[in-house]
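Open the model in your viewer and keep the sequence panel beside it. This tour tells you what to select at each stop and what to look for there.

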Amino acid sequence: PYTRTFINLIMNTSYDTRRYAYDILRRLVNNLQSETDICNSILDSLTSYLEHLSQTMNETAMTINDETNTYTKAMKALEETLICLATALKTQSDDVKALVSTKSLLVCCLSSNTFSITGVNLWQKIIYYIFNKDYSKVNDYLQNNVDILVDTCTTSSNNLLTETQMDAISLLCSLRPLLFIRKFLLSTFNRLESDRYRMVTKRDYEIMQTPDGELYDKNLMETILKHEVKDTGNIKRESKNYSYKEQMAAVELAKEISKKKNEPHQLSKKQEEMLQTALDNERVIRTNVKKIDYDAKNVFLILTHIIDGALEYIMPYIGEILSKIWPTFQSPLTFVYARDLYVRLVPIVFLEEENTFGNSVAYLAIRLNSFDDNMMKQQIDLRWTQEPVSAAIDRVLKRLQKHVNYEKTVNQMCLARLDYCLPLFKNIVRQEMCTNEWTSIILDICKEYFSCVSQIDQNNHPSLIPRRDLFRLFLDINATSKSVQIQNEATDMLQKLCELCCNYETDDDIQVLIENIKSPIPSVRESCVLSLKKLVTRLKLHPKVEHNIARRLYIACEDPEERVQKVASELWPECGLNVKYEHVQNFLEDVINIEGAVRDATSRALPKLLQSSYPELVPFILNDLFEIHEKKNDLPPPAVDQFGRLIQTKQIDTWEPRAGIAACLYHMAPLVGNNIQDLFQFYVPKALNDRNDLVSSEMLKAATKTIDLHGKDNLNMLLQIMEDFLKQAPKTADYDSVRQNVVILMGKLAKDMDKDSAKVKNILGQLISTLNTPSQQVQAAVADCLPPLVPAIKDEAGVYVKQLMNCMLQSDDYAEKKGAAYGLAGFIKGLGILAVKQYNVLDELTEAIQDKTNAKRREGALFGLEMLTTMLGRLFEVYIVNILPNLLLSFGDSDVKVREAAEDCARAIMSKLTSHGVKIVLPGLLKGLESDLWRTKCGAVELLGAMAHCAPKQLSTCLP
């Protein structure tokens, strides 16, 4: 209670009264043991007094600039009181002094008018007196109590800081910027909830701006007005005097008259209920958005106070501030706050009086980053949006380039300006209209700033380089530019950046590079690996991301792009990293990656790692792959709206992860000898019955390779699995594809069976039936199975050859003709090249090609020649010279299908041609150039061109 008395005495307008009160206060502080409680009580009471004083001033509209009024004297009395309290603490311990100093901070900052009257920083004067005018002790106090002071300024019950606390933050940042700026920034960034702000939609924001009680959604109001209940309350029963129709017409007429007189529409009870429900829903949204708005506004005010307090000392932190606030431009709620803060930095960064150029940079960056053009134009001065975007970009970039060159000339380069311009650069690069000239200017500007980096320049120290944002910028340029020169320049800049920031890179910087090694663009992956090579000595110094680095580089050693693979293979032994046992399973994340390049590389890298270092993990990895396949095989639930209605009727099958699993199993085939049974129980029927044809084909390829390597040792077990499936599988169309694949696998197994076994003939028959499947992959797989099985039915081979020949030349079905061609080639390969002559194959094909009356026979014959060339390769080369004239004539055939078959056949022949074959067929091709048919001439020219790729040296010696 006595503190109130003291407040009334020490704030009295009479100096004599205050003087006696000060004397009592000094004695109390010096004599009582609980001096901290006394000081705290007095400071708390002073706080209450100042709050009351401020409220009274606002209500009476009085100012304290008038030296004669009561408020001016009261504020002077406050300063005298605080100084008296400070001087009374001279004999107290340093801990007591520190507590009182911290407590007095907010009291001093409660009214900014106090400082304007005293002419100096009041709190600075008070702590100067508390510590006996010893500056070294003041410095010790500030350094030892940083966290306490930060907590005092940032702690509040409702998470919103008061204006007093913000003033205190600004004061501390100006007093000791190196001690407090980063602390307060980190505290503020923790309050910044960008994701929460971006959840506020444009509609939510506009509802918040609509006054309470007024409906925002006018369309809903129209719907409510249309929802009218028929007013039949006063309608009398129909009689001779009162017609129902006439009464209703009278009601409608009354409504029309009311509308013309602009009388307010009377809502029915049902309409009032609908309107109230809509208003209540909007009120809930308005309340929630306003709460978010208060929080956001408070955060941006804190940042503003930090910047105003720190001024030029804020330069090293500009990049960090911008990286945090830039995402908030995507929210209608925080767009204005972010805009004001970004523009507020212009005079600090560009050091201009008028800031015209700096503002043009700022507003162009904001314009390019806007999520809604209409809202952006409403929130930005018209003069910054009238110029066409392309013209504005061109003008600003060229002027910025001149500005940078001038800065370099007068030695005023500062990395903070590069920080400030980076958002603009990133948005320009991502524009579809971005030109090579703009990109080159951006790279040149960055290059000039890199040239000013120095260990002895505090404004251009390597630690101040905005590494992460520049990493992303250069990688974006590499990914979006179609110019190889620009891509190479971006790669060079990225490597130069790594050289400059070596010793200062963070885990997050490294993470940007290793994440982009997963890019689908080869030049980006190569750029990242080359950059990591510049940091090779530093890679082991990042234990938190070391396992990610090791995984990414190990996978990059198997990259499908040869350049990337070469650089990664050179870097891997130099970096001294290893993939640890507990991190092997993480490779599975990349096996099922959505990017094909990542899946391809990982499907090779993981088996290689297992074979060389961790073979004991093979069964566990297999089980994980089986489980992942089962999860990824389920179709996602159909998308529905808020009312449960289907948005998209067709479900999207994400087949890529299953394709990655198939590729990995293919390369793991040499390692699975002890897990064959589990593997094939997975293949049959699950994996081979995949709904995606590509995945099913890859699974068949993996199973086929496994049988080639381990089939002989597990013959009976594998055969039993397949036979059981064929017996038990439902006879439905859903299982047709897996049945065909199982037959192909049985054909692969049959090569290791006893040739006299009845099962071989049975399997051979099933394979021939499978040739009718309309799938080139299936037909090619069957053809590969046939050669080892043909010797088992050598006596009956002629029958099969005749049957396949007839089907190929006479069938009307494309799939049957193509399948028969595959089967014929497989049989001939199994019987040997002499079977061509033995069974008159070439004669019949030649006769069919020359049959001018039947286009289907000509087409079938060309299919046969194509497949024979493909499967027999060099062995069939001796017959090519005989069929070449007919092939050239087929290029001029009147039937388009025959011409297409001729082109496919020609490509197959040229792909298998040896240097000796070139000399054999060349005369016939040169003769074809003399033909009167233009298509024949074109065919001869195309064949000559294809031959140049097969044997260019031999061809050059033979040409006339």
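**Whole chain**

Keep in mind that this is a predicted model. Show everything as cartoon. The protein has 50 helices and zero strands. Now colour by accessibility. Of the 960 residues, 49% are buried.

**Stop 1: the core around Trp 123**

Which residues touch the most other members of the largest nonpolar core? Select Trp 123, Phe 474 and Tyr 683. They hold that place in a core of 290 residues. In soluble globular proteins, nonpolar side chains tend to be buried together.

Zoom in on Trp 123. Leave out residues up to four places away in sequence, and Trp 123 touches Ser 101, Ser 104, Leu 105, Cys 108, Tyr 141, Leu 142, Leu 149, Leu 171, Leu 172 and Leu 175.

Move to one of these partners, Ser 104. Ser 104 sits in helix α5, residues 94-109. Is Ser 104 buried or exposed? Its relative accessibility is 2%, so Ser 104 counts as buried. With residues up to four places away left out, Ser 104 touches Leu 43, Trp 123 and Ile 126. Then draw a C-alpha to C-alpha distance from Ser 104 to Leu 82. The value is 8.1 Å, across 22 residues of sequence.

**Stop 2: Gly 309 in helix α16**

Select residues 269-310, which form helix α16, and find Gly 309 within it. Gly 309 is buried, because its relative accessibility is 9% and the cut-off for buried is under 20%. Display what surrounds Gly 309. Setting aside neighbours within four places in sequence, Gly 309 is in contact with Ser 170, Cys 173 and Ser 174. Check the C-alpha atoms of Gly 309 and Ser 170. They are separated by 4.3 Å, although the two residues are 139 apart along the chain.

**Stop 3: backbone details in loops**

Go to Asn 159. It lies in the loop between α9 (146-154) and α10 (163-175). How accessible is Asn 159? At a relative accessible area of 44%, Asn 159 is partly exposed.

Next, select Asn 503, in the loop between α26 and α27 (507-516). Asn 503 has a positive phi too, about 90 degrees, and is not a glycine.

Then jump to Pro 685. Look for it in the loop between α35 (676-683) and α36 (693-710). The peptide bond to inspect runs from Val 684 to Pro 685. That bond is cis, with omega near 0 degrees.

**Stop 4: helices α24 and α26**

Select α24 (residues 436-451) and α26 (residues 484-501). Their axes are 11 Å apart, and the helices pack at an angle of about 20 degrees. That angle makes α24 roughly parallel to α26, because angles under 35 degrees count as roughly parallel. The crossing of α24 past α26 is left-handed.

From α24, the contact uses Asn 436, Thr 439, Ser 440, Leu 443, Cys 446, Lys 447 and Phe 450. From α26, it uses Ile 486, Glu 489, Ala 490, Met 493, Lys 496, Leu 497 and Leu 500. By class, this contact between α24 and α26 holds eight nonpolar, three polar and three charged residues.

**Stop 5: helices α46 and α48**

Select α46 (residues 877-890) and α48 (residues 915-928). Their axes come within 10 Å and cross at roughly 15 degrees. The two helices are therefore roughly parallel to each other. Which way does α46 pass α48, left-handed or right-handed? The crossing is right-handed.

Show the contact residues. On α46, pick Glu 877, Ile 880, Val 881, Leu 884 and Leu 888. On α48, pick His 916, Gly 917, Ile 920, Val 921, Gly 924, Leu 925 and Gly 928. By class, the contact of α46 with α48 has seven nonpolar, four polar and one charged residues.

End at Arg 874, in the loop between α45 (855-872) and α46. Arg 874 counts as exposed, at 66% relative accessibility.

Notes: Residues are numbered from 1 along each chain as its sequence is written. This is a predicted model: local features need pLDDT of at least 70, side-chain atom pairs count only at pLDDT 80 or more; totals for chains, interfaces and linings use all residues. Side-chain values use heavy atoms; hydrogens and water are left out. Axes are lines fitted to C-alpha atoms, for helices over the stretch in contact, and angles run from 0 to 180 degrees between N-to-C directions. Helices (H or I, at least four residues) and strands (E, at least two) are DSSP runs, numbered from the N terminus. Angles under 35 degrees count as roughly parallel, over 145 as roughly antiparallel, 65 to 115 as roughly perpendicular and the rest as oblique. A crossing is left-handed if the near helix is turned anticlockwise from the far one by less than a right angle, and right-handed if clockwise. Contact means heavy atoms within 4.5 Å. Ala, Val, Leu, Ile, Met, Phe, Trp, Tyr, Cys and Pro count as nonpolar, Asp, Glu, Lys and Arg as charged, and the others, Gly among them, as polar. Buried means under 20% relative accessible area, exposed over 50%, partly exposed in between (1.4 Å probe, protein chains only). A nonpolar core is a set of buried Ala, Val, Leu, Ile, Met, Phe, Trp, Tyr and Cys residues joined through side-chain atoms within 4.5 Å.
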